[in-house]
Amino acid sequence: MAKEAPSSDSDNAPSRGTLEVLFLGTGASTGVPTIGCGCPVCLSPNPRNERTRSSILVRYEGRQILIDAAPDLRHQALRNKLKRIDAVIFTHPHADHILGIDELRIFNYLQKEEIPVFGDPETLRIIMGMFPYAFSEENRGGLTRPRLIPNKVIGHTLIFGLPVTPFLVKHGPVLNHALRMGNLVYLTDCNEVPAESMKYLAGVDTLVIGAVRYEPHASHFGIWQALEFIDRIKPRKAYLTHLSHGIDHAQLESELPPNVYASHDGLVISVF
Ligand SMILES: [Zn+2]
Ligand SMILES: [Zn+2]
Ligand SMILES: [Zn+2]
């Protein structure tokens, strides 16, 4: 029988000091189902096999902080009834993590303010090159474009009171940033964690970790590698994300240790 991960109504604000995670998307870069594919997972009637591109919403002290802006952000916001995004943190500038930037425009409209975005200098340089109109000075009062304020993050920082520490991980030929946020670590798009980054995982309560398929991949952990890594870190709970159509939700859940779960779109968890 599939394990039931803890979940709550996504409209409920977490109590003070609690960190809550809403999984907006849990899919690999092509999403699941994948265009043109007739495999059993892409044709599956199980809604947990329908995965939009990976992104989470972190709720803390009444604020909602988006981690990555996936190409499916509009769909994710509608189905989760999102009305507010206080800030965005980008892990890296790959298309499946940034192409939802244009959808932030409607949140500027709803909130009647600019939205701060955070990332390492190189990620922000690439994003600002791709979406110059979202950062231009002339655009400050307009409604037709996103209005974003860039904030370069090098090390530990506070974002609306949420302690955030980005740390480097290997993602094939490029580097990516995992994020430690309180006792949560969001670590996706990674095939190796360098020794000097391991200290950021000490004592983590909840580890969200990316794995695209069962076998190792040049830029991502495979499921078995991710499980080995989880066993080294020993978090209270771990959630697998960034899953491709090579993975059936129910099958994967039946294969996981008791403290490890396959995430799915719409899942809400609390971090302690
Ligand atoms: Zn990705
Ligand atoms: Zn498929
Ligand atoms: Zn990537």
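A residue counts as buried under 20% relative accessible area, as exposed over 50%, and as partly exposed in between. The legends below apply these terms to a predicted model.

**Figure 1. Zinc ion (ligand 2) and its four protein donors.** In this predicted model, the zinc ion (ligand 2) is held by Cys 37 (SG), Cys 39 (SG), Cys 42 (SG) and His 245 (ND1), at distances of 2.1 to 2.3 Å. The arrangement is tetrahedral because the angles subtended by the four donor atoms run from 101 to 116°. For four tetrahedral donors, the ideal angle at a metal is 109.5 degrees. Along the sequence, the donor residues follow the spacing C-x1-C-x2-C-x202-H. With a relative accessible area of 26%, His 245 is partly exposed, while Cys 42, at 10% relative accessibility, is buried.

Figure 2. The donors of the zinc ion (ligand 3) are His 92 (NE2), His 94 (ND1), His 171 (NE2) and Asp 189 (OD), at 2.2 to 2.3 Å. Their spacing in sequence is H-x1-H-x76-H-x17-D. The angles subtended by the four donor atoms extend from 91 to 168°, and the arrangement is therefore irregular. Asp 189 forms a bridge between the zinc ion (ligand 3) and the zinc ion (ligand 1), with 3.6 Å between the two ions.

Figure 3. Met 181 has Leu 184 in β10 as its bridge partner.

Figure 4. Leu 184 lies in strand β10 and is buried, with a relative accessible area of 0%. Apart from neighbours within four places in sequence, the contacts of Leu 184 are Leu 19, Val 21, Val 58, Leu 179, Val 204, Thr 206, Val 208 and Val 271. The C-alpha atoms of Leu 184 and Ile 159 are separated by 15 Å, the two residues being 25 residues apart along the chain.

Figure 5. Strand β3 (residues 63–67) is largely enclosed by the rest of the structure, because four of its five residues are buried. β3 pairs with β2 in the antiparallel sense over five bridges, and Val 58 stands opposite Ile 65 in β3. The β2 and β3 strands form a hairpin with two residues between them, and Glu 61 in the turn has a positive phi of about 50°. With strand β4 (residues 87–89), β3 pairs in the parallel sense over three bridges. Here Leu 66 has Val 88 in β4 as its bridge partner.

Figure 6. Gln 76 is located in helix α1 (residues 73–79) and is buried, with a relative accessible area of 0%. Beyond residues up to four places away in sequence, Gln 76 touches Leu 24, Gly 25, Thr 52, Arg 53, Ser 55 and Ala 70. Although Gln 76 and Leu 24 are 52 residues apart along the chain, their C-alpha atoms are separated by 5.7 Å.

**Figure 7. Confidence of the predicted model.** The protein has a mean pLDDT of 93, with 93% of its residues reaching 70 or more. Over residues 4–13, pLDDT stays under 50, and the model has 22 contacts beyond four places in sequence for this stretch.

How values were computed
Residues numbered from 1 in each chain as written. Chains lettered and ligands numbered in written order. Predicted model: local features only at pLDDT ≥ 70, side-chain atom pairs only at ≥ 80, totals over all residues. Heavy atoms only, no water. Donors = N, O, S within 2.8 Å, 3.2 Å for Na, K, Ca; no water. Tetrahedral: all angles 85-135°; square planar, octahedral: opposite > 155°, others 65-115°. Buried < 20%, exposed > 50% of the residue type's maximum accessible area, 1.4 Å probe, protein only. pLDDT = per-residue confidence, 0-100. Contact = heavy atoms within 4.5 Å. Pairing = 2+ DSSP bridges.
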